Amino acid sequence: MKRTQCSDELRQPSLLPGDPVDKDEPAAKCGEFFETGDGKQWLDGQFEQVGGELEELLDRIGYFAPDAKRVLVGYPRLVPEDTTKCLTAAPGQTQLPFADIPQDALPVLDQIQKRLNDAMKKAAADAEGGADFVDLYASTGANTAFDGADRGIGGLLENSKLELLNTKIPWYGHPNEKGRDIQARQMADKIEEVFRRHLIW
């Protein structure tokens with residue numbers, strides 16, 4: 001919903017689920033929208049809900065599977081620290097990675113994602129008995145959607161490898177093959193660490 005709030009192109013009918021938070025607020029002002037007034041209030045409510053649901057989820061897993069070793073995986077970073085990268089299309093692409101989302105909104109979206117990452121990390125730490133967290137945000141800053149050939153995230157409207165009714169489905173900001181492999185290695189490393197920590201000889 002954050003993406004559709006911030007993009008006129010993504011507000012058009014498409015396969016992307018979700019409607020804008022407030023369709024009457026112009027996409028060009030989405031950065032300001034999420035930092036003030038109704039937009040900020042909506043966002044704060046979403047984070048409160050997500051934090052509570054994650055804690056409940058981890059606690060329920062612990063209750064029904066007390067011997068399980070829980071690993072919560074965060075999201076990869078989408079927007080780089082240096083947003084001047086966001087002014088260049090990826091190799092072979094004609095559109096910018098995040099289409100028409102205003103450049104001044106990108107740092108706001110990055111802060112929202114960082115806040116989500118922190119909420120997930122806190123939920124893992126606060127879970128009864130503890131849970132491990134794979135901090136993809138912290139380790140994928142060189143593979144954002146704006147890192148050209150090194151990007152691990154496909155552009156919003158960049159065609160993916162999937163087709164539906166003979167039509168290519170865009171990545172919509174999801175991990176591409178490179179991102180999948182980067183994330184899989186980090187997840188495997190964390191799972192191996194957990195196994196080693198709990199291995200009984």
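Residues are numbered from 1 along each chain as its sequence is written, and side-chain values use heavy atoms, with hydrogens and water left out. Because the model is predicted, local features need pLDDT of at least 70 and side-chain atom pairs count only at pLDDT 80 or more, while totals for chains, interfaces and linings use all residues.

**Helix α4**

Helices (H or I, at least four residues) and strands (E, at least two) are DSSP runs, numbered from the N terminus. Helix α4 covers residues 106–126 and has 21 residues. From its first C-alpha to its last it reaches 30 Å, close to the 30 Å expected at 1.5 Å a residue; the expected span is 1.5 Å times one less than the number of residues. Buried means under 20% relative accessible area, exposed over 50%, and partly exposed in between (1.4 Å probe, protein chains only). Among the buried residues of α4 are L106, L109, I112, N117, M120 and A124.

**Salt bridges**

A salt bridge is a side-chain nitrogen of Lys or Arg within 4 Å of a carboxyl oxygen of Asp or Glu. Side chains of opposite charge can pair when their charged atoms come close.

| Pair | Closest N and O atoms |
|---|---|
| R197 and D132 | 2.8 Å |
| E193 and R197 | 3.0 Å |
| K168 and E163 | 3.8 Å |

R197 forms a salt bridge with D132. This pair links distant parts of the chain, with R197 in helix α6 and D132 in strand β2 (residues 132–134), 65 residues apart. R197 is partly exposed, with a relative accessible area of 44%, whereas D132 is buried, at 15%.

R197 also forms a salt bridge with E193. Both E193 and R197 lie in helix α6, 4 residues apart, about one turn of the helix. E193 is partly exposed, at 38% relative accessibility. Salt bridges that share partners join D132, K190, E193 and R197 into one network.

In the pair of K168 and E163, K168 is partly exposed, with a relative accessible area of 37%. E163 counts as partly exposed too, at 48% relative accessibility.

**Surface patches**

Patches are made of residues with over 30% relative accessible area and no salt bridge: like charges are joined within 9 Å, and nonpolar side chains (Val, Leu, Ile, Met, Phe, Trp, Tyr) within 5 Å. Accessible areas come from the Shrake-Rupley method with a 1.4 Å probe.

M187, I191 and F195 make a nonpolar surface patch of about 290 Å². I191 sits in helix α6 (residues 177–198) and is partly exposed, at 38% relative accessibility.

A patch of negative charge on the surface gathers E53, E55, E56, D59 and E128. Asp and Glu count as negative here, and the place of a charge is taken as CG of Asp or CD of Glu. E53 is found in helix α3 (residues 37–64), and its relative accessibility of 44% makes E53 partly exposed.

**A buried loop residue**

L156 lies in the loop between α5 (136–139) and β3 (159–164). L156 counts as buried because its relative accessibility is 0%. The C-alpha atoms of L156 and H198 are separated by 40 Å, and these residues are 42 residues apart along the chain.
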